[in-house]
Amino acid sequence: MRVNKNFLRTLCAIFVLAIFSVTACAPKYDAEKCETPIRGSGDSDKYFYCPKDRPLNFNRVIEESGTTFYYENGLSGRKIDRGVDAIKRVQAFCDVPQTVFLLEDTVTHVNGNGLWVNPNDNTELIGAVLLENASEAEFPFGIFAGVIAVLLGEEKEFTEYSESRLESSLEEYPYVKELQYPLYTARGTTKNERETAWNFAYLLGEKYLSKHTVNDLKNATKEDISFALEAVDAILPDYYFPVGDSEYPIQIIAENIHYFFAHNFEDCEFNDDLLKYPVLTTFVSENETLIDEVSPIYGLHGLPKSIDAFFGKRGEYNIATTGYSDMRRNAIACYTAGIFGHEIVHHIAYWGGNDGYFQEAICSYFGIKYSYYARHREYLDYTLQTKNRDVVYTDDVIEILKDARDLYNKRFGKSSMSDFNAETWLQFGTYLYNKNSEHPTIGVLAQGITMVQYIYETYGWDVLMEINRSYKDAQIDGKTYYDFENEWAKWIEELCS
Ligand SMILES: [Zn+2]
């Protein structure tokens with residue numbers, strides 16, 4: 001799909017004002033007081049769950065070779081020098097905006113205000129961001145990284161690998177061949193992964209520059225770069241990572257979803273490192289599979305519109321629950337990867353025109369069926385391990401969960417995530433909930449999910465949709481809703497006893 005780059009650039013570039021101790025050494029460049037406070041370019045009106053724009057106080061300024069540098073008060077002289085020197089080095093090859101902001105709490109990117117530079121970033125990363133910004137095309141970031149790395153020559157800041165070392169590293173990190181943006185940054189990568197990415201990009205840059213110049217890259221077409229991609233055996237995936245901004249450093253554009261991972265995202269349920277590149281891309285691919293599988297059931301071919309999915313820190317978005325779908329804005333906000341599968345089915349059902357009484361259970365059923373993370377979520381809930389504050393364990397619930405776990409272990413042996421079967425857990429849970437009818441409110445969702453499973457897998461989609469629509473008024477082939485409910489309860493009883 002076509003990416004609107006201006007949209008990306010203006011989206012929520014918000015910075016935290018960091019206060020640092022008094023600088024240890026005087027900067028090489030003269031600084032004077034700047035009276036104009038600069039604001040981040042947060043677009044908080046557009047997305048109600050985007051954190052509020054925060055003002056930034058840049059009260060120092062340097063003029064240097066036609067560029068005005070603002071730097072955050074408190075940034076050390078050494079870091080200011082490093083940032084200014086990096087810009088001066090890449091200026092020979094890249095268009096640098098007239099205004100440059102230096103601050104540590106950012107990712108290097110360009111927006112309507114100018115170039116934002118994290119002086120801890122490598123010079124070649126800063127140059128690659130500028131080359132990417134100047135290009136009209138949506139090439140994988142690695143082409144820009146490779147070209148600038150070659151142009152900087154001896155001054156490159158990554159360790160050069162021998163041919164054999166690169167070969168073995170590529171075997172270890174094969175996804176480096178996808179050339180996507182996060183692989184070149186310190187976020188979510190190890191040093192070895194990153195160095196492999198830069199070395200691989202370097203080969204690509206050499207190939208490209210053997211036939212073209214850096215200026216050609218601005219207007220290059222896919223055909224112009226394909227020879228170089230083929231020469232190094234690059235693998236271009238179905239998703240694309242644009243250069244992030246300070247508020248959402250990691251963004252992914254997949255066929256149906258535009259993902260935004262906030263700078264402070266921490267999964268509220270588990271510490272599995274979602275932001276590691278291969279984990280993230282598996283998550284994205286799995287979500288696309290879910291959409292491909294579920295949308296035809298609702299009579300759709302994929303989603304009619306792309307969804308913006310925001311992953312933030314708990315309490316950051318203005319939502320009370322773990323996940324929230326906003327149909328009007330085609331948007332989802334989540335505190336955990338495990339809820340995404342559920343939320344996306346809400347959108348599919350909305351467009352498919354089949355919302356109904358069992359919708360929450362249907363969303364969870366499909367989420368669990370197609371999403372590892374949704375199953376993992378159930379696993380943590382059922383094994384009393386979740387850190388999600390939305391999940392409340394009262395004493396009676398704990399008793400039932402422990403019984404469900406015992407039943408599961410008795411049937412299947414030790415239950416770890418690798419052999420965890422979410423459907424079976426839910427059946428055991430439902431069985432126990434049904435037996436504890438003095439607590440009618442607990443386990444309602446588990447009951448709903450297993451009822452959806454039973455009706456869908458036994459009678460098919462049309463019957464499920466009729467019950468979803470008419471609920472207790474349903475009359476299907478002489479059966480009432482209660483007939484289906486009794487059948488389901490019997491099925492659960494037989495499965496679990
Ligand atoms: Zn829901």
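The model is predicted: local features need pLDDT of at least 70, side-chain atom pairs count only at pLDDT 80 or more, and totals for chains, interfaces and linings use all residues. Residue numbers start from 1 along each chain as its sequence is written.

**Stop 1: the core.** Select Val147, Ile148, Ala309 and Val452, the residues with the most contacts inside the largest nonpolar core, which has 138 residues. Such a core is a set of buried Ala, Val, Leu, Ile, Met, Phe, Trp, Tyr and Cys residues joined through C-beta atoms within 7 Å. Buried means 20 or more other C-beta atoms within 10 Å of the residue's own, exposed means 12 or fewer, and partly exposed lies in between, with C-beta atoms placed from the backbone. Next, select residues 141-152, helix H4, which gives the largest share of this core, ten residues. Helices (H or I, at least four residues) and strands (E, at least two) are DSSP runs numbered from the N terminus. Colour domain 1 (5-232) and domain 2 (392-497): both give residues to the core, so it lies between them. The domain bounds come from an automatic or database domain assignment.

**Stop 2: the sheet.** Select the five strands of the open, mixed sheet, in the order S9-S10-S11-S13-S12. Its edge strands are S9 (250-253) and S12 (323-326), each pairing on one side only. Two strands pair if DSSP finds at least two bridges between them. S9 and S10 (residues 257-261) are antiparallel over four bridges, and Ile253 has His258 in S10 as its bridge partner. Contact here means C-beta atoms, placed from the backbone, within 7 Å. Return to Ala309: leaving aside neighbours within four places in sequence, its contacts include His258, Tyr259, Cys334 and Phe340.

**Stop 3: helix H8.** Select residues 277-294, the 18 residues of H8. Its buried residues include Tyr277, Leu280, Phe283, Val284 and Asn287. Show S9, S10, H9, H10 (359-370) and H11 (372-382), which are among the elements covering the buried residues of H8.

**Stop 4: Gln453.** Select Gln453 in helix H14 (residues 444-459). Gln453 is buried, with 22 other C-beta atoms within 10 Å. Not counting residues up to four places away in sequence, Gln453 touches Tyr365 and Glu423. Finally, draw the distance to Phe366, 87 residues apart from Gln453 along the chain: the C-alpha atoms are separated by 9.3 Å.

Note on methods
Contact = placed C-beta atoms within 7 Å. Expected span 1.5 Å × (residues − 1).
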